[in-house]
Amino acid sequence: MPKGDHSGRLDADGRLERAGAVAEMNPWCRRAVAQAVRLARETGGRSTAITMGPPAAVDVLREALAWGADDAVQLSDPALAGSDCLVTARALAATIRLLDDPPDLILVGNSSVDGSTGAVGAMLAELLGLPFTGPVLTLEPVDGRLRTTVQYDTGTESVTIDLPAVVAVAERSCDPAKAPADTWPPPDTVRQVTTADLPEAPWGLPASPTKVAQVHPAPLTRNPVIFRGHLQSQVDRALTELTARGCFKPHPTTSAPLTTPPYGRRTAGPAEKPAVASAPGEQAAAEVVVLVGAGPVEGTRALLGTAAALAAEIGGSVTAVTTVEGDRELGRWGADSVVVVDGEEPRAVARGLTGWLNGRQVWAVLGAALPWDREVLARLAVTSDAGLMSDLVSLSAKDGRLSGLKPSGGGTLAEIVSRGTPQIATLRTGLLPLRTPRVDRPLELHALHVEPDTAITRTERRTGDDGDALDRAEVVIGVGRGVPPDKYDELEPVRALLNAELAATRKVTDQGWLPHGRQIGITGRSVAPRMYLAVGLSGSLNHLAGAGRAGTLVAINTDPAAEIFAHCDVGLVADWQEVMPYLVDGLRSCVSG
């Protein structure tokens, strides 16, 4: 991946402009390299590092060799420029097949900081016909299988997987593979491969079913009011502003009476037909299919609402695919029919969906940006040759096709489009609007049988921190490295007064100061509280990507030039410890009043 941010511009061929960028190893991949070297040494095997990228990416492999990898292979060819996830996975799968001996284990980083797709590993597994699991914190070979601990936002699970397999490594699994540049071997120690060495196939941007259509500046949706000076005066003025904004009044509940027409079905005008399915069991003109996994309830509801709005635009219907029987709330939030799958393993579900989709007029398949949905849809993207639009923050129908936005570099939003059929996307549901539910209605119910996946055994699921509470929170307090963990108790009076949930930046969770499930940002969770109180954090765009839908964003920082002050609604230029007593006193009257 490129070191630092990129310009956010497209070149003449419609590819993100990264010319001249210095390459460095992705943080997740550093853990994958470290684990590969460890396992090879402990089992008497060999480890090979593989990367795909421009010539400068050879430095990534030189560092891997310096860390202890036995071999390194670089796939580099101008023909690969602009490759999306699917084409990248195909190229890497073909490169893996060039190795003298088929690998027993393929380790990948769980995601990437620049693209945040989290899909290539599962696509590789589907292309190679292998099982997949991740993100894993621990992994140990036992009797021809691999015993792992898989990390989720709210806990962990013990998973044993047959070998060979593809496994995604979590960022917190071990210390990263980092070697000083003066210890790297020369570039000629890396084996070079081009597309001429691979089976003939289309590559690069022309072969990619998804692409970046254009790049937009991130909209400035806030008009910051920044207070300086005496602390009591700052707090008084800030609380007056927050009261005027209604920050101390709870949100209306979603069970309130409908204020807009039910979505997912348009009210027919004089010259249009109602967008409804025909007789029960008869195929609608087009379907939007929604995976309903085990994610937060609010996320499922927001995803169904988004799907229903899209279905209304195209004159279609919404089908929810779920592994849980009897959820009658799905109809109120947007589903017109429900398919209950009798299995949960992602590879089995993807295979079942592949067969089920044949012959249906499915316009799009949507899921949450969570591990289960990601694997199912990544595999489906391979079997349907449709590609995957990953980790989008919004969706719309544009010229009869799906268009989505996701955070890009340089404070921009990349507009992603798909040429595939069906169009497949994962979404950060915390950034989707939660729409008013419609009146209850009968649902068409169907069953889908899938074969079990015997390559994976799940045993112990352990629930840790209730990170899901962040998705329900009316108020969230986000802390940065400016708030050391031994000072968190000083935030407790404000947290209790506001009934707030505590969250953090990636740098905080990297230090282990708060659990991974509390991380907000492009590589963490996305929230949409009534108020977000940012304390002691600089305001990187990667973090703000997860807090951008807060109704009101309040920032406290000593540095008047901190980036957070350009993206907040109310700012206090102050030391957070010094301002807290004044804030607590002021909040008592605001909350009680």
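**Exercises on a predicted model**

Val37 touches Ser47, Trp67, Gly68 and Ala69, leaving aside residues up to four places away in sequence; contact means heavy atoms within 4.5 Å. The model is predicted, so that local features need pLDDT of at least 70, side-chain atom pairs count only at pLDDT 80 or more, and totals for chains, interfaces and linings use all residues. Residues are numbered from 1 along each chain as its sequence is written, and side-chain values use heavy atoms, with hydrogens and water left out.

**Exercise 1.** Determine whether Val37 is buried or exposed.

*Solution.* Begin with the location: Val37 belongs to helix H1 (residues 27-43). Helices are DSSP runs of H or I with at least four residues, strands are runs of E with at least two, and both are numbered from the N terminus. Next, take the relative accessible area of Val37, which is 4%. Buried means under 20%, exposed over 50%, and partly exposed in between, with a 1.4 Å probe and protein chains only. Val37 is therefore buried.

**Exercise 2.** Describe the open sheet of six strands.

*Solution.* First, the order is S10-S26-S25-S24-S22-S23, with parallel pairing; two strands pair if DSSP finds at least two bridges between them. Second, strands S10 (225-227) and S23 (501-504) are the edges, each pairing on one side only. Third, S24 (residues 531-535) and S25 (residues 552-557) pair over five bridges, and Met531 has Thr552 in S25 as its bridge partner.
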